Amino acid sequence: MIKKELKIALSGINDTDNPGPGIGVARSLKDSDTSITTIGLSYDIQDPGNYMGFVIDKSYILPYPNKGWEAISLHLKKIKEQSGLDMVIPNLDAELPLYIRYQAELAQDGIKSFLPTQAQFDLRAKEHLKAVSDNLGISYPQTHKVFSIDDMRKALKIVDFPAVVKGNYYKAYIVQNLPDAILRFTQIANEWGYPILVQELVNGEELNVVGVGDGEGGTLGLVAAKKMTTTALGKFWNGVSIGHEQLLAIAEKFVKQTSWKGPFELECMVDGDQIYMIEINPRFPAWVYFATALGINLPKRMVDFVQGKEIDRSSEYAAGKMMIRYTYETIADVSDLSHLATQGESRG
Amino acid sequence: MSRVEMMAINDTGFAFDPMSGESFTLNETAVEIIKALKVGKSEREIAEALSELYDVEALDSLTDVLDFIKQLKSFRLVD
């Protein structure tokens, strides 16, 4: 019997100091099955993943998500025609709403995906996290939705400084005083619009869980980790695996209650027995390869699950293992960049 | 099981709490106390053992043990 070689496209191959999850996802797939062809979907010809042939076999430049689904869909169809394409794993927040909305259309085009439903995706909006947290029996920091600086001033009188000023989907800043808060309010509103959320600052350690829900209330595996070092943007840089049973039980409960389908990351603050929900990301996080290295290869399990294969769903891993990120250099010829710029795809 | 019972400690005094991911550096006496707590010894038994090991008064030793356990409690490592 000839084994079918899977061709899987994935985005988020910006392996920079604000790393996208794509390289971790691709590396996880390659580690488990070298016959898989990884196709990078990039929005920038200078994304490092476009030049990392050891993990991304071929890459294509896509139009930005703000150009709408049709533009992306046309590119995916072209890639399918040209290289073959079995499945797509979108990994960037900005494109996820489109992929989620048009997942049925993707399926009609013969491209598989494994994404949350629209209703599940909506749950992660920060304005709904209080209800999600209540259902899970954990806390959510006191949060006020504001639409003006005057509203924010009133909210800050209640939550007091230091506080967190954040966008409904993106960006969060700790603010110490009103001028600082006004600056951040304006920056976020200009970039991402309204509402702006004013939130109390909670103490504790930031602990995260990565997992995949099977869409029927079960998980394909879970791993918890603590951030030890973060980038200036608060992204996971170094971390350590942990066996926080309460947190893992909450992740399982979340999947069960919501019948979550697809990858997710729970970001929580933990202060003793008090657990605060901070964010739910409806995708793999950039540290997903850490879970793979611990024996819980979530991208591969997800791909196998979609293919209808029997998979290992265990979440047995060692606590006390560290993930250390580092920077490295790879050298390419400028003609590689030129090929990407003019042809919209890598030579691979 | 308390967190101190799950704690991994090596001979150089590095301790790792697998639940929270926190790590601690312990001196020699602290290592002895934690190892004893992990096997369920009482505060008095630990103090007696330390008193013999370091040749100090039992009462001083007990005070030190209780102080240290108070610190562990502040880190929520013991109940």
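A:Pro195 sits in the loop between helix H8 (178-192) and strand E8 (196-200) of chain A; helices here are DSSP runs of H or I with at least four residues, strands are E runs of at least two, and both are numbered from the N terminus. The peptide bond that joins A:Tyr194 to A:Pro195 is cis, with omega at about 0°. This is a predicted model, in which local features need pLDDT of at least 70 and side-chain atom pairs count only at pLDDT 80 or more, while totals for chains, interfaces and linings use all residues. Residues are numbered from 1 along each chain as its sequence is written, chains are lettered from A and ligands numbered from 1 in the order in which they are written, and side-chain values use heavy atoms, with hydrogens and water left out.

Another cis peptide bond links A:Phe161 and A:Pro162, and its omega is about -10°. A:Pro162 is found in the loop between helix H7 (149-159) and strand E6 (163-167) of chain A. A:Asp160 belongs to the loop between H7 and E6 as well, and it has a positive phi of about 70° despite not being a glycine.

Next come the charged pairs. Over all chains, the structure holds 17 salt bridges, a salt bridge being a side-chain nitrogen of Lys or Arg within 4 Å of a carboxyl oxygen of Asp or Glu. One of them pairs A:Lys58 with A:Glu345, whose closest N and O atoms are 2.8 Å apart. A:Lys58 is part of strand E3 (residues 58-61) of chain A and A:Glu345 is in the segment after helix H12 (334-343) of chain A, so this pair ties together parts that lie 287 residues apart in sequence.

What do chain A and chain B bury between them? The buried area is about 740 Å², 58% of it on carbon and sulfur atoms; the term stands for the accessible area (1.4 Å probe) that two parts lose on being put together, summed over both. Chain A brings 12 residues to the contact and chain B seven residues, where contact means heavy atoms within 4.5 Å. The count between the two chains is one salt bridge: A:Asp271 pairs with B:Arg76, and the closest N and O atoms are 3.3 Å apart. On the side of chain A that touches chain B, strand E9 (205-214) and strand E11 (236-242) of chain A are the elements giving two or more residues. E11(A) gives the most, with three residues. By class, this side of chain A has four nonpolar, five polar and three charged residues; Ala, Val, Leu, Ile, Met, Phe, Trp, Tyr, Cys and Pro count as nonpolar, Asp, Glu, Lys and Arg as charged, and the others, Gly among them, as polar.

On a 1 Å grid over the protein atoms alone, a cavity is a set of points where a 1.4 Å probe fits but cannot get out, a pocket is an open set with protein on both sides within 12 Å along at least five of seven lines, and lining residues have an atom within 4 Å of a point. Grid points are joined across faces, edges and corners, and a volume is the space filled by probe spheres set on the points. The second largest pocket has a volume of about 830 Å³. Its lining takes in 26 residues, with A:Asp15, A:Arg27, A:Met52, A:Arg325 and A:Tyr326 nearest the centre. This lining divides into 16 nonpolar, five polar and five charged residues.
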